[in-house]
Amino acid sequence: MSLILAIESSCDETAAAVVKDGRCILSNVISSQIETHKKFGGVVPEVASRKHLEAINVVIAQAVEDAGVTLGDLDYIAVTYAPGLVGALLVGVSAAKALSLALGIPLIPVHHIRGHICANFIEHQSLQPPFVCLVASGGHSHIVHVKDYTDFEVLGQTRDDAAGEAFDKVARVLGLGYPGGPKIDALAKEGNENAVEFKKVKFPGDSLDFSFSGIKTAVINHYHNIEQKGEEPNKADIAASFQKSVCEVMIDHLLEAAERTGCTKIALAGGVACNSRLRAELEARCGSFSLYYPSPILCTDNAAMIGCSGYYEALASNFADLSLNAIPYLGIK
Ligand code: KG4
Ligand code: ZN
């Protein structure tokens, strides 16, 4: 049996979890900073770092207590070291290094996107690679071929904004507040998704890359044009039409990636994978592909997914020493 204490602090959630044998969550504590950042309309990096500092020890102690274990029972410390806000990441990395040194147990560096993908292994206990996964969050939009637990190939990614970032920015223009994804998801249910046609971006050739900044600008222009005419924009129609366009392009690319790789399984991961329209349309369009996605609590940032990824990194002997540093930008490979 192996017990991993996992730590996640890459953005605005301070999280710690104890994971047994890779896929069994003994505890999963998340301290969200959303209320703090709401008043600024988005995450303020310096404020995030300070909030992580305040919360990290409390969250770790809670995770160990909830799991019904002691620090002495732990076998490994896993921590998100990349990518993310550097000051935020450093808080988790420093705590992990201190624990690894004090307890004399190995330190496992975990890539945040790999963690998001691994949330599927916790939710679906029998799921095994290979499969293709759409990872869509506030900072990333990737189509990934998950060849094995630690072997990933990026088949497509955003060339500008991430999908979640587009949701958040459109929500801000519509005056819905932060984070925008869940607000747009809810409002869109009251709107007509065919009211406005926001064009999907398709790059020439066989590229599976995304671009979401164009649609974000199109929504903003559409909204302001209506306002300038002295009319009242229908926010629900705009939210629904925007959401439809973004979801469709992500699904088109995911299904195309599955066809190309010959994978029979497809998965979703990351905060945007909570989106009800995305899930419903993919259920309807997935055909003979088996579809997997995590519960909402495992889609958004958490440390259980980092513990699961850390388990497979440890099996592959991917350990770090105390020189481990936070890396703000790092590809998934
Ligand atoms: O994975 P995550 O918690 O953090 C990052 O790694 O970025 O993702 C947060 C993102 C935010 O942009 C948020 O608006 C989006 O996920 N999100 C959603 C939904 N729930 C969260 N986007 C669309 N629909 C949702 N229901
Ligand atoms: Zn994330």
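Confidence first: this is a predicted model, and the chain averages a pLDDT (the predictor's confidence in each residue, from 0 to 100) of 97, with 100% of the residues scoring at least 70. Local features need pLDDT of at least 70 and side-chain atom pairs count only at pLDDT 80 or more, while totals for chains, interfaces and linings use all residues. Residues are numbered from 1 along each chain as its sequence is written, chains are lettered from A and ligands numbered from 1 in the order written, and side-chain values use heavy atoms, leaving out hydrogens and water.

**Zinc site**
- The zinc ion (ligand 2) has H112 (NE2), H116 (NE2) and D301 (OD) as protein donors, 2.0 to 2.1 Å away; donors here are N, O and S atoms within 2.8 Å of the metal (3.2 Å for Na, K and Ca), and water isn't among the atoms, so sites may look incomplete.
- Along the chain, the donor spacing reads H-x3-H-x184-D.
- H112 sits in helix α4 (residues 112-123) and D301 in the loop between α10 (296-299) and α11 (304-315), so the pair ties together parts 189 residues apart in sequence.
- Both H112 and D301 are buried (under 20% relative accessible area, 1.4 Å probe, protein chains only).

**Nonpolar cores**
- The largest nonpolar core has 47 residues, with L134, F212, F242, M250 and I266 making the most contacts inside it; such a core is a set of buried Ala, Val, Leu, Ile, Met, Phe, Trp, Tyr and Cys residues joined through side-chain atoms within 4.5 Å.
- Helix α8 gives the most to this core, 14 residues.
- Another core, of 34 residues, lies apart from it and includes A119 and Y312.

Note on methods:
Helices (H or I, at least four residues) and strands (E, at least two) are DSSP runs, numbered from the N terminus. Buried means under 20% relative accessible area, exposed over 50%, partly exposed in between (1.4 Å probe, protein chains only).
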